[in-house]
Amino acid sequence: MHHPKRCPSLHTRSATVRAMNAEGRVRPAGGPLLWAGGAGPLPWLGALVVLYLTVPVIAFAVRLVGSPRRGFSTPGLWGALWVSCLSATISLALVTAFGVPLAYVLARSRSRWAHAVGAAVQLPLAIPPVMSGILLIYLVGPYTTLGRLSGRRLTESVAGVVLAQTFVAAPFLVVAARTAFAARDPGLDEVAAALGHRPLARFLRVGLPLAAGGIRAGMVLAWLRAFGEYGATVLLAYHPESLPVYTYIQFSGSGLATTEAPTALALAVAAVAVTLGWVRWPRRRAGRALPAPAVPRARPPAVVRFDLDVRAGTFRVQARHQAASP
């Protein structure tokens, strides 16, 4: 009788894997030894991006520590920081109030106009910021209809800074929120509708809680983009100076010596904003006391009765019944 020959290589590989597991050199995918070759060259390619993004920051920090003249006492620095923080916060509030509902509508719609609106919302991402400022001048410039009606207050003011920042930052929140709304289960809306919830209630009680993570990420991106906006702001509202405009003025007049302070402040503010975006605030749920069990009351037996007399052409149905429940 012929017996199949066992494959020794299979046992050898199994023994090797068991030995490596015993020594702790093999881990599941995503474990601590992923960088040791578990995912091939992918982690190392990602490391190049991380180095490219962090090495300039480290080099700047080294220069800042060893520099005797950083520029923190230069006039106008703290005012420019306040203008950037205030205008970016106002811009974020406007984008959130109008952009999140728009993202919800776009995520639920599959019509052609929804695709057209979605493409239009993303246009500022492809337009250079300086060109965005030129487009805004045609809308709210001092010689336009809106500019004259507002008394030319939409430029060279905090309002102008907010308008410029909102134009360039809105797509970041709308795109992120739309993706978050589209990723949720559409059946939940149907269940909420079957329970009698109106569209606004479904948006507030179902859509927003499920897409909160994506909306939060979009808000952080939008605020940071608004805080760092320069091109559209410098054309639409050169004054009051935001922090990027102030930094460019200092660089043009004094070189790198007085730009260390605004750069350090921008990095610190960005780090705080990113950290706040990572924080998961605990949700407090107010405890509700359960009502006391109600004592059932005795009721008289219900009487079930019907008397039918239906005629359809020459066909007639008569039925009568009367009975009491036990």
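Trainee: At what angle do the axes of helix α2 (residues 42-66) and helix α14 (residues 260-278) cross?

Mentor: The two axes cross at roughly 130° and come within 11 Å. An axis here is a line fitted to C-alpha atoms, for helices over the stretch in contact, and angles run from 0 to 180 degrees between N-to-C directions. This is a predicted model, in which local features need pLDDT of at least 70 and side-chain atom pairs count only at pLDDT 80 or more, while totals for chains, interfaces and linings use all residues. Residues are numbered from 1 along each chain as its sequence is written, and side-chain values use heavy atoms, leaving out hydrogens and water.

Trainee: Why is α2 called oblique to α14?

Mentor: Angles under 35 degrees count as roughly parallel, over 145 as roughly antiparallel, 65 to 115 as roughly perpendicular and the rest as oblique. The crossing angle is roughly 130°, so α2 is oblique to α14. The crossing is also left-handed, a term for a near helix turned anticlockwise from the far one by less than a right angle, with clockwise giving right-handed.

Trainee: Which residues meet there?

Mentor: From α2 come Val57, Phe60, Arg63 and Leu64, and from α14 come Glu260, Thr263, Ala264 and Leu267. Contact means heavy atoms within 4.5 Å. By type, the residues of this contact are five nonpolar, one polar and two charged. Ala, Val, Leu, Ile, Met, Phe, Trp, Tyr, Cys and Pro count as nonpolar, Asp, Glu, Lys and Arg as charged, and the others, Gly among them, as polar.

Trainee: What makes Glu260 and Arg63 a salt bridge?

Mentor: A salt bridge needs a side-chain nitrogen of Lys or Arg within 4 Å of a carboxyl oxygen of Asp or Glu. The closest N and O atoms of Glu260 and Arg63 are 3.4 Å apart, so the pair qualifies. This pair links distant parts of the chain, with Glu260 in helix α14 and Arg63 in helix α2, 197 residues apart.

Trainee: How do you know whether Glu260 is buried or exposed?

Mentor: Buried means under 20% relative accessible area, exposed over 50%, and partly exposed in between, with a 1.4 Å probe and protein chains only. Glu260 has a relative accessible area of 4%, so Glu260 is buried. Of the 326 residues of the protein chain, 29% count as buried.

Trainee: How many salt bridges does the structure hold?

Mentor: There are four. One of them joins the side chains of Asp189 and Arg108, at 2.7 Å from N to O. Asp189 is in helix α9 (residues 187-194) and Arg108 in helix α3 (residues 77-108), distant parts of the chain that lie 81 residues apart. Asp189 is at 7% relative accessibility and therefore counts as buried, whereas Arg108 is at 42% and counts as partly exposed.

Trainee: What are the values for the bridge between Arg225 and Glu229?

Mentor: The closest N and O atoms of Arg225 and Glu229 are 2.8 Å apart. Arg225 has a relative accessible area of 22%, so Arg225 is partly exposed. Glu229, with 1%, is buried. Elsewhere, salt bridges that share partners join Arg108, Arg184 and Asp189 into one network.

Trainee: Why is α3 called roughly perpendicular to helix α10?

Mentor: The axes of α3 and helix α10 (residues 199-210) come within 12 Å and cross at roughly 85°. That angle makes α3 roughly perpendicular to α10. Val100, Pro101, Tyr104 and Arg108 in α3 meet Arg202, Phe203, Gly207 and Leu208 in α10. These residues divide into five nonpolar, one polar and two charged.

Trainee: What makes α9 and α10 roughly antiparallel?

Mentor: α9 and α10 pack at an angle of about 155°, with their axes 10 Å apart. The two helices are therefore roughly antiparallel to each other. α9 passes α10 in a right-handed crossing. Leu188, Asp189, Ala192 and Ala193 of α9 make the contact with Arg202, Val206 and Leu210 of α10. The residues are five nonpolar, no polar and two charged.

Trainee: Why does Gln250 count as buried?

Mentor: Gln250 has a relative accessible area of 13%, so Gln250 is buried. Gln250 lies in helix α13 (residues 243-254). Not counting residues up to four places away in sequence, Gln250 touches Thr74, Gly255, Thr258 and Thr259.

Notes. Helices (H or I, at least four residues) and strands (E, at least two) are DSSP runs, numbered from the N terminus.
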